[in-house]
Amino acid sequence: MNEVTRLGDVSRIKMGREYQGRVLYWTAAYVVDGLLIDTGCPHTAEELAGFLEGRHLDLAVNTHHHEDHVGANHHLQQQFHIPIMASRESAPLIAQSPNLHPYQELVWGHPVPTVVDVLPNEVETENYRFNVIETPGHCPGHVSFVEMTRGWCFTGDLFISREPKAMRPEEDLYEIARSMKKLVDLQTERLILFTGLGNVVEDGREALRSCIDYIHDLSERARTLERQGLSTGAIVNQLFGRESVLAGLTDGHISSENVVRALLRSQS
Ligand SMILES: [Zn+2]
């Protein structure tokens with residue numbers, strides 16, 4: 001299902017597969033001035049294409065290669081013949097068929113591999129200019145799109161919440177914190193975050209700062225507990241009370257244990 005909200009010149013399209021009357025997991029794409037940022041998941045590709053039919057659309061970009069951000073690439077290329085762009089690191093990953101866990105196939109679906117162009121440093125539309133900023137950590141090749149005069153910041157999956165408690169094994173929390181700091185330090189009057197989950201965070205700087213502080217604080221606590229001889233599982237219980245319910249739903253792919261492991265890795 002699709003839920004479209006107009007936020008000034010930005011249209012937010014929230015999408016998700018419905019299962020027994022409930023949306024399993026929201027994902028979002030944004031359209032501004034003919035630019036589509038992210039394309040949702042494969043299960044909602046046709047709905048997204050239906051919404052875009054007859055609208056002004058020149059270009060689509062992907063913040064990163066995950067299946068819930070590139071899902072309609074193939075449909076859009078077939079139906080609208082528009083260029084699609086992603087970062088130099090993401091493009092080869094988008095061109096491959098990914099190995100997905102069963103829960104990913106169920107919730108989002110399997111994307112058709114697509115050949116996309118490599119993003120330049122800036123993307124211009126008729127009225128706006130978007131800086132392409134490298135923001136890795138959630139995965140390699142992740143980028144954010146920032147319109148400096150408006151302070152719009154499309155962050156893909158860089159910022160999920162102020163206090164993330166579960167994540168994938170390949171995520172690097174310290175790199176996430178460094179990427180967030182890069183956005184905090186941008187010379188803009190304000191910073192409004194438009195996230196991959198469809199949240200719009202008006203005071204983006206405050207939210208990013210608060211997440212960075214949380215990561216550093218959690219890191220100190222995890223390292224102290226490790227020095228005291230606690231196991232990873234015991235550190236999870238100390239920091240979060242218990243393992244995240246997501247761990248059970250995703251066969252351990254998204255878990256609090258992954259957060260603790262990432263905190264205990266060296267800060268490269
Ligand atoms: Zn992602």
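Colleague: What volume does the second largest pocket have?
Modeller: This is a predicted model: local features need pLDDT of at least 70, side-chain atom pairs need 80 or more, and totals for chains, interfaces and linings use all residues. Residues count from 1 along each chain as its sequence is written, and side-chain values use heavy atoms, without hydrogens or water. A pocket is an open set of points on a 1 Å grid over the protein atoms alone, where a 1.4 Å probe fits, with protein on both sides within 12 Å along at least five of seven lines. Probe spheres on the points fill the volume, here about 290 Å³.

Colleague: Which residues are closest to the centre of the second largest pocket?
Modeller: Its lining (residues with an atom within 4 Å of a point) has 20 residues. The closest to the centre are His 65, Leu 93, Pro 98, Asn 99 and Leu 100.

Colleague: Which residues lie nearest the centre of the largest pocket?
Modeller: The largest pocket holds about 750 Å³ of space. Its lining runs to 29 residues. Nearest the centre lie Tyr 25, Trp 108, Leu 246, Thr 250 and Ile 254.

Colleague: Which residues donate to the zinc ion?
Modeller: Donors are N, O and S atoms within 2.8 Å of the metal (3.2 Å for Na, K and Ca). Their spacing along the chain is H-x1-H-x71-H-x18-D. At 2.1 to 2.3 Å from the zinc ion, the protein donors are His 64 (NE2), His 66 (ND1), His 138 (NE2) and Asp 157 (OD).

Colleague: Are His 64 and His 138 buried or exposed?
Modeller: Under 20% relative accessible area is buried, over 50% exposed, and in between partly exposed (1.4 Å probe, protein chains only). Both His 64 and His 138 come out as buried.
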